[in-house]
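I opened the model today to look up a few side chains and to write down what surrounds them. These are my notes, in the order in which I looked.

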Amino acid sequence: MIDLIIDANDIRNYKDISMHTPDSRINEYIRDAQEQDLRLLLGNSFYFDVLSNLSNPVYSDLLNGGDFQKDSCTWTQQGLKAVLVEFTWGRYTYFGIHNDTPFGNTVKLSDFSKNTENKDRKDIWEQSKQRANSYFDVIRTYLCDAGFDVWDNGCDCTNVKGRHLRNECTVSKSNGFNYSLIK
């Protein structure tokens with residue numbers, strides 16, 4: 001089982017999640033967001049390097065956010081934890097309405113509640129992905145400028161036009177990965 005970069009309390013710092021929701025349920029969505037969203041943005045090698053060095057001070061700013069200098073300006077990157085919170089929140093909101101019971105998979109309701117419409121949950125999922133990708137856009141600039149040895153974003157950081165999107169840059173290495181932002 002993989003280590004989790006964030007936990008339920010990290011999400012509660014940003015989002016309104018019921019205190020009655022078990023952490024084990026939230027961890028399921030954190031794990032999915034790490035493996036299905038964040039890993040694709042970082043690339044396998046860098047993702048697993050970060051996971052195996054979570055307590056290394058070298059990765060503190062990358063994980064928690066921080067300021068860096070770019071073009072004579074101070075830029076602020078939110079950190080991978082904020083990216084992961086957004087991906088997790090979107091997944092939890094969109095996919096997390098069902099409960100496994102002895103009678104099958106159900107949606108629990110009471111006299112004082114009703115289901116959130118599927119369209120509304122999907123809108124939240126899409127907005128969360130957009131925020132996560134927006135945060136990561138600045139993180140990608142930070143990674144290129146900071147010169148992390150293991151970071152191989154699939155492009156030549158000196159030859160990027162506009163934003164640092166993997167699918168907009170010149171590929172400098174052929175490593176078999178198809179880099180693109182999560183759509």
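I took a polar contact to be a pair of N or O atoms within 3.5 Å, where within protein one must be able to donate a hydrogen and the other to accept it, and where residues adjacent in sequence count only if both atoms are side-chain atoms. By that rule I found a polar contact of 3.2 Å between the side chains of Lys-15 and Glu-86. I note that this is a predicted model, in which local features need pLDDT of at least 70 and side-chain atom pairs count only at pLDDT 80 or more, while totals for chains, interfaces and linings use all residues. Residues are numbered from 1 along each chain as its sequence is written, and side-chain values use heavy atoms, with hydrogens and water left out.

I placed Lys-15 in the loop between helix H1 (8-14) and helix H2 (23-42), where helices are DSSP runs of H or I with at least four residues and strands are runs of E with at least two, numbered from the N terminus. Lys-15 counts as buried because its relative accessibility is 18%; buried means under 20% relative accessible area, exposed over 50%, and partly exposed in between, with a 1.4 Å probe and protein chains only. Leaving aside neighbours within four places in sequence, I listed Val-85, Glu-86, Trp-89 and Arg-131 as contacts of Lys-15, a contact being heavy atoms within 4.5 Å.

I then checked helix H5 (residues 80-95), in which 14 of the 16 residues are buried, so this helix is largely enclosed by the rest of the structure.

**Asp-10**

Which side chain of opposite charge is nearest to Asp-10? I found Lys-81, 4.9 Å away, and Asp-10 is buried yet has no salt bridge; a salt bridge needs a side-chain nitrogen of Lys or Arg within 4 Å of a carboxyl oxygen of Asp or Glu. For charge, Lys and Arg count as positive and Asp and Glu as negative, while His and the chain ends are not counted. Asp-10 belongs to helix H1, and a polar atom of its side chain lies 3.0 Å from the backbone nitrogen of Asp-7. Beyond its neighbours within four places in sequence, Asp-10 is in contact with Ile-5 and Val-85.

**Aromatic rings**

I paired rings of Phe, Tyr and Trp (its six-membered ring) if their centres lie within 6.5 Å, calling planes under 30 degrees apart stacked, over 60 edge-to-face and the rest tilted. The count by this rule is six aromatic pairs. Tyr-29 and Tyr-92 make an edge-to-face pair, because their ring centres are 5.7 Å apart and their planes stand at 80°. This pair links distant parts of the chain, with Tyr-29 in helix H2 and Tyr-92 in helix H5, 63 residues apart.

**The loop between S1 and S2**

I ended at the loop between strand S1 (66-70) and strand S2 (73-77), where Asp-71 sits. Phi of Asp-71 is positive, near 50°, in a residue other than glycine, and Asp-71 is exposed with a relative accessible area of 60%. Ser-72 is in the loop between S1 and S2; its phi is also positive, about 60°, although it is not a glycine, and it counts as exposed at 79% relative accessibility.
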